[in-house]
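Work through the exercises below with the structure open. Try each task before reading its solution.

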Amino acid sequence: MENKRPTWSSRYSFILAAIGSAVGLGNIWRFPYVMGQNGGAVFLITYVILISTLCFIPLMAELMFGKITKKDCVGAYEQVNPKFKIFGFLDNITAIIIPSFYFVIGGWIIYYVIKSFVNFNIENPVEYLANFVQNPYATSISTIIFLLICTFFMARGVKKGIEFVNNYMILAIILIVLMAASLNLPNAHLGLEYVFKPDFSKFNSQTVLTAMGQAFFTLSVGTGTLLTYGSYIKEDKCIVQSAYTIIFSSILFSVLAGIMIFPAVFSFGLEANSGAGLVFVTLPKVFMQIPCGNSCIFYFVILCCNNIRYKHARSSLCNFG
């Protein structure tokens, strides 16, 4: 007897879960530093154009493919043609590689969550992050804790696991609070100019390639995640509106992250192109400007986003039905 594949409890749950594949560290952590390395506003404009046009087609294709086949990655491609199973296995390989990247950042966030509960008024966030990253014991233990948290929610399945930890309204509220604090800093207008005033002299082919990569990265296109999530959509549900909602949410959170980060960058005299540690060195300074501010809630919510992103990648390896 064939088992019936589970479905999302509601369209709202699916949208939140799918947004979870598009919104997370890719927007809050990766987007600001990639934007900082590629010219600011000119990169943002390129990103918005590409994610709204070219990326919409593969996004819809993956969701529809999963909805029609009702199978995992390998099974879906095999249903089309047994010779195409190789593409499903390639998706699985991608789903293995992606978590290895997020394990490290997840460990960083775990450490910052723990430290935020104690005392996080550090004098030099740049030096603090550098010392932590170079500490193999702290990074390893933090990564293991993150993996255990991910394993716990993965074991709970689709409805009790992934749906349970969708918390993007909380993240949006925290981002708005941090934006307000960042915009009240001295020289905040320089950060806004960097985000919204394009310098087209910095536009080149690398800008386009990086923006396209960021768009595919945040949407999880080509990883099998959307295909797998699409396989849990009920037959009577339309996915076009959901796809637009996912894209809009990704753009919105990326812009909010930019407004949150770059005014602080220019206010504190940091380098916009300082790389992967940009969020970890700017936000502690922003929280220090907020009365009774504590970064533990923010980093905890980001941890949940990272946890969801790991489960999205991992879910493409699993066939629940």
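**Exercise 1.** Find which helix gives the most to the nonpolar patch.

Solution. The model is predicted. Begin with the members of the patch on the surface: Val80, Phe84, Ile86, Phe87, Phe89, Leu90, Ile93 and Ile97. Together they have about 740 Å² of accessible area. Next, look for the helix that gives the most: this is H6, with 6 residues. One of the patch members, Phe89, lies in helix H6.

**Exercise 2.** Decide whether Phe87 and Phe89 are buried, partly exposed or exposed.

Solution. Buried means under 20% relative accessible area and exposed means over 50%, with partly exposed in between. Phe87 has a relative accessible area of 41%, so Phe87 is partly exposed. Phe89 is also at 41%, and therefore counts as partly exposed.

**Exercise 3.** Classify the aromatic pair of Tyr77 and Phe87, and state which helices it ties together.

Solution. A pair of aromatic rings is described by the distance of the centres and the angle of the planes. The count of such pairs in this model comes to 12. For Tyr77 and Phe87, the centres are 5.9 Å apart, and the planes are at 45°. An angle under 30 degrees would count as stacked and one over 60 as edge-to-face, so this pair is tilted. Tyr77 lies in helix H5 (residues 73-80) and Phe87 in helix H6 (residues 85-118), so the pair links parts that are 10 residues apart in sequence. Both rings belong to one aromatic cluster, formed by Phe65, Tyr77, Phe84 and Phe87.

**Exercise 4.** Where does the charged end of Arg30 sit?

Solution. The charged end of Arg30 is over the ring of Phe217, at 4.9 Å from the ring centre.

Conventions: Residues numbered from 1 in each chain as written. Predicted model: local features only at pLDDT ≥ 70, side-chain atom pairs only at ≥ 80, totals over all residues. Heavy atoms only, no water. Phe/Tyr/Trp six-rings, centres within 6.5 Å; stacked < 30°, edge-to-face > 60°. Helix = DSSP H or I, 4+ residues; strand = E, 2+ residues; numbered from the N terminus. Buried < 20%, exposed > 50% of the residue type's maximum accessible area, 1.4 Å probe, protein only. Lys NZ or Arg CZ within 6 Å of the ring centre and 35° of its normal. Patch = residues over 30% accessible without salt bridge, like charges linked within 9 Å, V, L, I, M, F, W, Y side chains within 5 Å. Areas by Shrake-Rupley, 256 points an atom, 1.4 Å probe, with all protein chains shown as cover. Salt bridge = Lys/Arg side-chain N within 4 Å of Asp/Glu carboxyl O.
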